[in-house]
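Dear colleague,

Please find below the model that I am handing over to you. My notes on it follow directly after the structure.

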Amino acid sequence: MKREAWASRRVLVTGGSGFLGGYVLERLRAAGADIRAPRRLECDLLDPVAVDRTLASYRPEMIIHLAATVGGIGANRREPGRFFYENMLMGVQLISMGLLAEITIRTYHESQSKPTYVIREIRDQSAPGSTGG
């Protein structure tokens, strides 16, 4: 990470208390970013009011979304629908509210077939003046 690119940049990190989140927070801190990594008690990503309140109060320039509902193999087998729904809902709410607030959103994707990790940047391609949608 280039320090000058991250210095004082306001970044909201979801899932900051997880394994990957801890590593990302460490790197962002070392680069000088102004980080906010709320835990679920501070901002339940399933609650649109809580997400809106967090985005309005912190006004991040970027969201790095790493949060997920997880529970291990047994829990995934017992409640696959709940896990899918909650993870989808967190992502959709962050993306839609983030785009409305003109925030850069980065999502983490892990490939099951290849040992690669991809960070994708999402921008509103339907915004006035854009070349997309």
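This is a predicted model: local features need pLDDT of at least 70, side-chain atom pairs count only at pLDDT 80 or more; totals for chains, interfaces and linings use all residues.

Residues are numbered from 1 along each chain as its sequence is written, and side-chain values use heavy atoms, with hydrogens and water left out.

Overall fold

The protein chain contains five helices and five strands; helices (H or I, at least four residues) and strands (E, at least two) are DSSP runs, numbered from the N terminus. Along the sequence their order is α-β-α-β-α-β-α-α-β-β. Of the 133 residues of the chain, 32% count as buried. Here buried means under 20% relative accessible area, exposed over 50%, and partly exposed in between, with a 1.4 Å probe and protein chains only. The accessible surface of the protein chain is about 8,700 Å², and 54% of that belongs to carbon and sulfur atoms. Accessible areas come from the Shrake-Rupley method with a 1.4 Å probe; for residues, only the protein chains shown count as cover. A contact requires heavy atoms within 4.5 Å. Among contacts between residues at least 6 apart in sequence, 58% join residues at least 24 apart.

Strand E1 covers residues 10-14. Four of its five residues are buried, so E1 is largely enclosed by the rest of the structure. Strands are taken to pair if DSSP finds at least two bridges between them. E1 runs parallel to strand E2 (residues 34-36), with three bridges joining the two; in that pairing, Arg10 has Asp34 as its bridge partner. E1 also runs parallel to E3, through four bridges, and Leu12 stands opposite Ile63 of E3.

E1, helix H2 (residues 19-30) and E2 together make a right-handed β-α-β unit. Right-handed means that, with the strands pointing away from the viewer, the path from the first strand over the helix to the second runs clockwise.

Helix H3

Which residues of H3 are buried? They are Ala50, Val51, Thr54, Leu55 and Tyr58. These residues lie on the same side of H3, because they cover an arc of only 130° around the axis, the arc being that of the directions from the helix axis to the C-beta atoms. An α-helix has 3.6 residues a turn, so residues three or four places apart point the same way. The buried residues of H3 pack against E1, E2, E3 and H5. On the face turned away from the buried side, H3 carries the exposed residues Val49 and Ser57.

Salt bridges

The structure holds five salt bridges, each defined as a side-chain nitrogen of Lys or Arg within 4 Å of a carboxyl oxygen of Asp or Glu. One of them joins Glu61 to Arg10, with the closest N and O atoms 3.7 Å apart. This pair links distant parts of the chain, 51 residues apart: Glu61 is in the loop between helix H3 (48-58) and strand E3 (62-65), and Arg10 is in strand E1. Glu61 is partly exposed, at 32% relative accessible area, and Arg10 is partly exposed at 31%.

Arg82 forms a salt bridge with Glu79, at 2.8 Å between the closest N and O atoms. Arg82 also meets Glu86 in a salt bridge of 3.3 Å, N to O. Both Arg82 and Glu86 lie in helix H5 (residues 80-100), four residues apart, which is about one turn of the helix. Through shared partners, Glu79, Arg82 and Glu86 are joined into one network.

Gln93 lies in helix H5 and is buried, with a relative accessible area of 10%. Not counting residues up to four places away in sequence, Gln93 touches Leu45, Leu46, Asp47, Pro48, Val51 and Gly98.

Ala7 sits in the loop between helix H1 (3-6) and E1 and is partly exposed, at 42% relative accessibility. Leaving out residues up to four places away in sequence, Ala7 touches Ala31 and Gly32. The C-alpha atoms of Ala7 and Ala31 are 6.2 Å apart, although the two residues are separated by 24 residues along the chain.

With kind regards
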